[in-house]
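Hi,

Here is the structure I promised to send over.

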Amino acid sequence: ENIYKNMKTLEGLHALIKSRLIEKKGNVKLVDNEDIILYGKALGINENQLLFKVLEIEETIDWAEEELKRTRQDALRTENANTANSTAAPSSDIIYCGNCNTANEKGSANFCVECGAELVKAPAPKAETEQRYESETINQQQNNYSTTEPEKKKRSKLPLVLGILALLTIAAGVLGYFFWGKDYLRDKNATRMYSFAGSLALRSSPAGGGDYNIIGNIAYGSEILVYDTGSEWVNCKVDNQIGYAHSKYMLNKIDFQELNAILADEDTRTAVAQTRFKKALLSYFRDHNYIGKMDEIMQKELYGQISNKEVWQLIAKAETNVPNTVYLSKKSKQGSKFNDFACIIQNLNSSERKFLYFSFDDQENPTFEEESVAPLEGDISKIDYYEDIDSYGNQTQSIAPIYTTNYQEFD
């Protein structure tokens, strides 16, 4: 350490660091080079500062030139070794550097002219030692230099690349949620309802009574994604079109499929045009434990098994056909503002037929008035009403359906 204190030159420190870098081909660690640490202490430079100096000096070295010098030195050492082997003793005027084996003239300096290391008298290098240098080609040495530093740079960039990828993934997830995922989850969690009206208006605002806000029509049986419930007008989506529709014209899946099974075909659905008539039929079938014509796949989907209920169905001609198995009569209850509804249903197994009659209050709620046996053929021609007195002396009204066949038997 006293030796380094006597130097106290920054140039000397740079020369020492450079010599170590060249000697170790750039792989210099301070923990293995105490002389550099001591030199730095003598100049008031700590180890952290020394690390930066090592990196700075390493960037100034022309490694190709140093490789050429090393090759020349190897050749010179080989020549000197051959000369030393051919003589009895080495010249007393030459001192070989104990660090890099460079030949120095005795007495010219205390430090090696090549690497700057302190000169200590040492025997001339042996020829067999030089063979170790000759076995390593210039290309191999260059490969050693080129494979160390680039690998460090690649590893140092890896955390940055991973961080960027993570940020991009998060950003893509957030954007995907707002531009696609949000709507997807909303539709997935929406209540599924089905229109049972002949044509249900889809409106741009929750208000009826005109055509100004109609943006589309919802056909019978269309699936409706309902985003909110509990009110007359619901925000909903049909065929990728969003708007508002009246909830009174919608049924859940079980209700709709049971109603659809009661109505035989498209003609029957047009004949039973009003939704209050359809609700009346659905209520009657449930009260009497009947079911419409429904395939087994749908029964298993709705009930988990095949139903053993009696199968009845309403079969009618188109609405314009009169007479028909569907009949809209005058009001049996004069206080009601809605016509009564009558129809004929048929048992699909026994062919038995029934005449059904319903009335409605001002809120369109159905009341089942009566039923009777209908002939196996024929339509409802008309309905007569008769005033009677019951056993308690109260005035009542009797309903008498007239059919297009066998009038005498069934009037």
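Predicted model: local features only at pLDDT ≥ 70, side-chain atom pairs only at ≥ 80, totals over all residues.

K354 counts as buried, because its relative accessibility is 12% and buried means under 20% relative accessible area, with exposed over 50% and partly exposed in between (1.4 Å probe, protein chains only). Residues are numbered from 1 along each chain as its sequence is written, and side-chain values use heavy atoms, with hydrogens and water left out.

Back to K354, which sits in strand β14 (residues 353-360). Helices (H or I, at least four residues) and strands (E, at least two) are DSSP runs, numbered from the N terminus. What does the side chain of K354 make a polar contact with? The partner is the side chain of E371, at 3.5 Å. A polar contact here is a pair of N or O atoms within 3.5 Å; within protein, one must be able to donate a hydrogen and the other to accept it, and residues adjacent in sequence count only if both atoms are side-chain atoms. K354 also lies over the face of W312, 5.0 Å from the ring centre. For that, NZ of Lys or CZ of Arg has to be within 6 Å of the ring centre and within 35 degrees of the ring normal. Leaving out residues up to four places away in sequence, K354 touches Y284, Y290, W312, C343, I344, I345, E371, S372 and A374, with contact meaning heavy atoms within 4.5 Å.

On to the aromatics. Rings of Phe, Tyr and Trp (its six-membered ring) pair if their centres lie within 6.5 Å; planes under 30 degrees apart count as stacked, over 60 as edge-to-face and the rest as tilted. That rule gives 15 aromatic pairs. One of them is F277 with F360, tilted because the planes are at 45°, with the ring centres 5.7 Å apart. This pair links distant parts of the chain, with F277 in helix α10 (residues 275-287) and F360 in strand β14, 83 residues apart. F277 and F360 are both buried. Then there is F355 with Y403: the centres are 6.5 Å apart and the planes at 85°, so this pair is edge-to-face. F355 lies in β14 and Y403 in strand β17 (residues 395-403), so the pair ties together parts 48 residues apart in sequence. F355 is buried at 0% relative accessible area, and Y403 is buried at 2%.

F277 and F360 also belong to one aromatic cluster, together with Y284, F285, Y290, W312, F341, F358 and F368. R276 lies over the face of F360, at 6.0 Å from the ring centre.

A few backbone details to check on screen:

- The peptide bond from V322 to P323 is cis, with omega near 0°; P323 is in the loop between β11 (310-314) and β12 (326-329).
- S351 has a positive phi, near 70°, without being a glycine. It lies in the loop between β13 (340-347) and β14 and is partly exposed, with a relative accessible area of 35%.
- E364, in the loop between β14 and β15 (366-374), is another non-glycine residue with a positive phi, near 70°.

As for the whole chain, there are 12 helices and 17 strands, and 36% of the 411 residues count as buried.

Cheers
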